[in-house]
Amino acid sequence: MVMMKFFHGNYALGQAVAQLCSTVPDVTVFGTASSFKHEAIKDSVTHLFDRNSDYVQEVKKISADGVDIVLDCLCGENTGKGLGLLKPLGTYILYGSSNMVTGETKSFFSFAKSWWQVEKVNPIKLYEENKVMAGFSLLNLLFKQGRSGLINNVMDKLITLYNEKKIKPRVDSLWALEETLPEMYTE
C-alpha cells in the first residue's frame, strides 16, 4: 500500500507517480490533496483524502498496519504523519520540497521558516521502529552524481509503459526551461 501527497500547484507529477504505482500488481494508493483538486485526481488513487483532514485515522481504518511506502513531494509539517503511517520496514521517500519555498520569491527567510516547521526526524526512532527514510532528486542524480545512464534506462522503461498504454502522461501546465531548473544547474 502506498500513501501519496499530491503537489500543491502542479499535481500532474503526483498523478504520474500514481499511474506508475498502478502498474504494480495489487497496489492500493492512498492520496492526500486539497479538496479543490479531488475531481481532477480521484481516478488516479484508490482512496483520496483532504490534506487538511485527519487522514491518518482514515488510512488506519482501511489499513490498520499502515502503509508500505509514503511518497512525499511536499516536505512540510505533515512529515511526521507520513512516518507514523509506515508499517515496520516501510519506506518514506521525499522526492520534492514544494512546501519549503513559498510565494513568488525563493527567499532564504521563507526557506528557513519552512525548514523550522518541518518535524525533525530522529534516526534512533527510525531504527527502533524499523522504518526507512530516503530521498530522491532527479536533478542531483543527473547533474551532480553523473547517473545519466541509469536515468536513460528508466526512461526506456517509461517509454515502453507509454507505448503499451499502461501510463498516459497528463499535461498540467507548460513551463520555460529557465523556470524549471534552479540557478545552480543553469550557470
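**Ground rules.** I call a residue buried at under 20% relative accessible area, exposed at over 50%, and partly exposed in between, using a 1.4 Å probe and protein chains only. By that rule, buried residues make up 34% of the 187 residues in the protein chain. I am working from a predicted model, in which local features need pLDDT of at least 70 and side-chain atom pairs count only at pLDDT 80 or more, while totals for chains, interfaces and linings use all residues. Residues are numbered from 1 along each chain as its sequence is written, and side-chain values use heavy atoms, with hydrogens and water left out.

**Overall layout.** I looked up the secondary structure, taking helices (H or I, at least four residues) and strands (E, at least two) as DSSP runs numbered from the N terminus. The protein chain has 10 helices and 6 strands. For the surface I used accessible areas from the Shrake-Rupley method with a 1.4 Å probe, where for residues only the protein chains shown count as cover. The accessible surface of the chain comes to about 12000 Å², and 57% of that belongs to carbon and sulfur atoms. Next I checked contacts, meaning heavy atoms within 4.5 Å. Of the contacts with a separation of 6 or more, 60% are accounted for by residues 24 or more positions apart.

**Nonpolar cores.** My rule for a nonpolar core is a set of buried Ala, Val, Leu, Ile, Met, Phe, Trp, Tyr and Cys residues joined through side-chain atoms within 4.5 Å. Which residues are in the largest nonpolar core? I find 12 there: F30, F49, Y55, V56, V59, V67, V70, L83, L85, L86, Y92 and L126. Helix 3 (55-62), strand 4, helix 4 and strand 5 are the elements that give two or more residues to this core. Helix 3 gives the most, with 3 residues. A second, separate core has 9 residues, including V17, C21, C73 and L74. As a general note, nonpolar side chains tend to be buried together in soluble globular proteins.

I then went back to helix 3, where Y55, V56 and V59 are buried. They cover an arc of only 105 degrees around the axis, so they sit on the same side of helix 3; the arc is that of the directions from the helix axis to the C-beta atoms. Leaving out residues up to four places away in sequence, V56 touches K81 and L85.

**Aromatic rings.** I pair rings of Phe, Tyr and Trp (its six-membered ring) if their centres lie within 6.5 Å; planes under 30 degrees apart count as stacked, over 60 as edge-to-face and the rest as tilted. The structure holds 1 aromatic pair. F30 and F49 form that pair, stacked at 6.3 Å centre to centre with 15 degrees between the planes. F30 is in strand 2 (residues 29-33) and F49 in strand 3 (residues 47-50), so the pair ties together parts that are 19 residues apart in sequence. Both F30 and F49 are buried.

**Salt bridges.** I count a salt bridge when a side-chain nitrogen of Lys or Arg is within 4 Å of a carboxyl oxygen of Asp or Glu. That gives 5 salt bridges. One of them joins D68 and K87, with the closest N and O atoms 3.6 Å apart. D68 lies in strand 4 and K87 in strand 5 (residues 86-94), so this pair ties together parts that are 19 residues apart in sequence. D68 is partly exposed at 34% relative accessibility, and K87 is partly exposed at 22%.

K131 and E129 also meet in a salt bridge (3.2 Å, N to O). Is K131 buried or exposed? K131 is buried, with a relative accessible area of 14%, while E129 is partly exposed at 32%. K166 bridges to E164 with the closest N and O atoms 3.3 Å apart; E164 is partly exposed at 43%.

**Loops.** D26 has a positive phi of about 55 degrees although it is not a glycine. D26 sits in the loop between helix 1 (12-22) and strand 2 and is exposed at 82%. K165, another residue other than glycine, has a positive phi near 60 degrees. I place K165 in the loop between helix 8 (148-163) and helix 9 (177-180), exposed at 73%.

N78 lies in the loop between strand 4 (67-72) and helix 4 (79-85), and N78 is buried at 14%.
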